[in-house]
Structure formats: C-alpha cells, structure tokens
2 protein chains.
Amino acid sequence: MTWVAEVVVQLKPVVNDPQGLVVRDGLRRLGFTGVRAARIGKHVELEVEADSEQDARESVAAMCEKLLCNPVIEDYRIDSVRATAEGRA
Amino acid sequence: MTWVAEVVVQLKPVVNDPQGLVVRDGLRRLGFTGVRAARIGKHVELEVEADSEQDARESVAAMCEKLLCNPVIEDYRIDSVRATAEGRA
C-alpha cells in the first residue's frame, strides 16, 4: 500500500534564519508593511510503501532522523500521512 | 492583531524536481527501500498584522503571488492562519 506523507522541517526557534529575514524585508519593501516576521523551512512530500499508516509514519520519522532533519538546528513534524488514490483502490 | 500563516510552495507536479530525486535516492541508499518518490518544497511561516483572519489570508495570498511563489513552475497553498497567543490576548 502506498502512502503520501507531508513533512515540515523548520529551523528551531532559537536559530537565526537569514533567509527569513531577507524574505521579511523584501515583503516590506514591496509594501506589505504588516509583516512582522518570516521563517523559511523545507516541505518534503514522500511517497512510501508500507502495510499500515502506523508503519508509514514510523518509517518517515526514521527518514527524518537519518537524513531529512539536522537535529542540532532543526525540528521536524509529520503533518499528514494519507493513502494514495492507488493505495485505496 | 497578529496572525501566523503557514504557506507551502511546491513545484507543480509536471515540473522536474532534481532535489527530490537526490533525496529519494539518498533514502533508498540508507535502506529505506519503500520510498517511491520525494518532492521538496518550501514552507514559509509568516507573522502578519491584520484586522481579521480574512484580511490576513488575503494579504498572505498577495505576498505569495508577488514574491514567494513563481507561478510558472510553482503552486502555493495557505495551510493555516491562526491568531498568535499575543493576538488572542
């Protein structure tokens, strides 16, 4: 069965985010003066084979810990795990 | 009032994603043989001042169209807009 997992990898709140500062300043310069802060992270969409949603979720968590997330400066969260249309059929 | 919006900017499904291919192959090489595909996008967390959730949402959509998203190759979606703890007080 195939599952689609959405993962968000973000810098920890205490870590400086120069890319976010540039985006914030760029938005302000474009006239969006109400922007107080911007933080940029990664969004990873993974298609994985697994027997159950629980297995898929555990497998994706292991992937985050081994490759996708640098635990020194980043946090990750698994936003959703859903069966693909094909998986449901 | 301050709102926190979460935006996901992803390559359109028809656009080639070399970064995603590298992540997929890296995961497979690490032993995650069940990975069928990976696609990498951006996750942007914005803190904006606005009078209402509707205003905040419209403002964030305008930011996506003017700066955050390249409409030729990318799609965006606004995942959530919520009042900050400070905003709710």
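Contact is taken here to mean heavy atoms within 4.5 Å. In this predicted model, 34 residues of chain B are in contact with 34 residues of chain A. The two chains bury about 2900 Å² between them, and carbon and sulfur atoms account for 59% of that area. On the chain B side, the residues that lose the most area to chain A are B:F32, B:R36 and B:H43, which together make up 22% of what that side buries.

Between chain B and chain A, six salt bridges are counted. A:R36 forms a salt bridge with B:E47, with the closest N and O atoms 3.9 Å apart. The side of chain B that touches chain A draws at least two residues from each of β1 (2-11), α1 (18-29), β2 (35-49), α2 (53-68) and β3 (74-83) of chain B. The largest share of this side, 15 residues, is supplied by β2(B). By residue class, the side of chain B that touches chain A comprises 16 nonpolar, seven polar and eleven charged residues.

The strands of the two chains are joined in one open sheet of six strands, ordered β3(A)-β1(A)-β2(A)-β2(B)-β1(B)-β3(B), with antiparallel pairing. Its edge strands are β3 (74-83) of chain A and β3 of chain B, each of which pairs on one side only. Neighbouring strands of the sheet are turned against each other by 25° on average, direction ignored. Strand β2 (residues 35-49) of chain A and β2(B) run antiparallel and are joined by 13 bridges. In this pairing, A:E45 stands opposite B:R39 of β2(B). Within chain B, β1(B) and β2(B) pair in the antiparallel sense over eight bridges, and B:V9 stands opposite B:K42 in β2(B).

Helices from both chains pack on the sheet. Helix α2 (residues 53-68) of chain A touches β1 (2-11), β2 and β3 of chain A, together with β2 of chain B. The direction of this helix makes about 150° with that of β3(A). Helix α1(B) touches β2 of chain A together with β2 of chain B, and the direction of α1(B) makes about 125° with that of β2(B).

Methods
Residues are numbered from 1 along each chain as its sequence is written. Chains are lettered from A and ligands numbered from 1 in the order in which they are written. This is a predicted model: local features need pLDDT of at least 70, side-chain atom pairs count only at pLDDT 80 or more; totals for chains, interfaces and linings use all residues. Side-chain values use heavy atoms; hydrogens and water are left out. Buried area is the accessible area (1.4 Å probe) that two parts lose on being put together, summed over both. A salt bridge is a side-chain nitrogen of Lys or Arg within 4 Å of a carboxyl oxygen of Asp or Glu. Helices (H or I, at least four residues) and strands (E, at least two) are DSSP runs, numbered from the N terminus. Ala, Val, Leu, Ile, Met, Phe, Trp, Tyr, Cys and Pro count as nonpolar, Asp, Glu, Lys and Arg as charged, and the others, Gly among them, as polar. Two strands pair if DSSP finds at least two bridges between them. Axes are lines fitted to C-alpha atoms, for helices over the stretch in contact, and angles run from 0 to 180 degrees between N-to-C directions.
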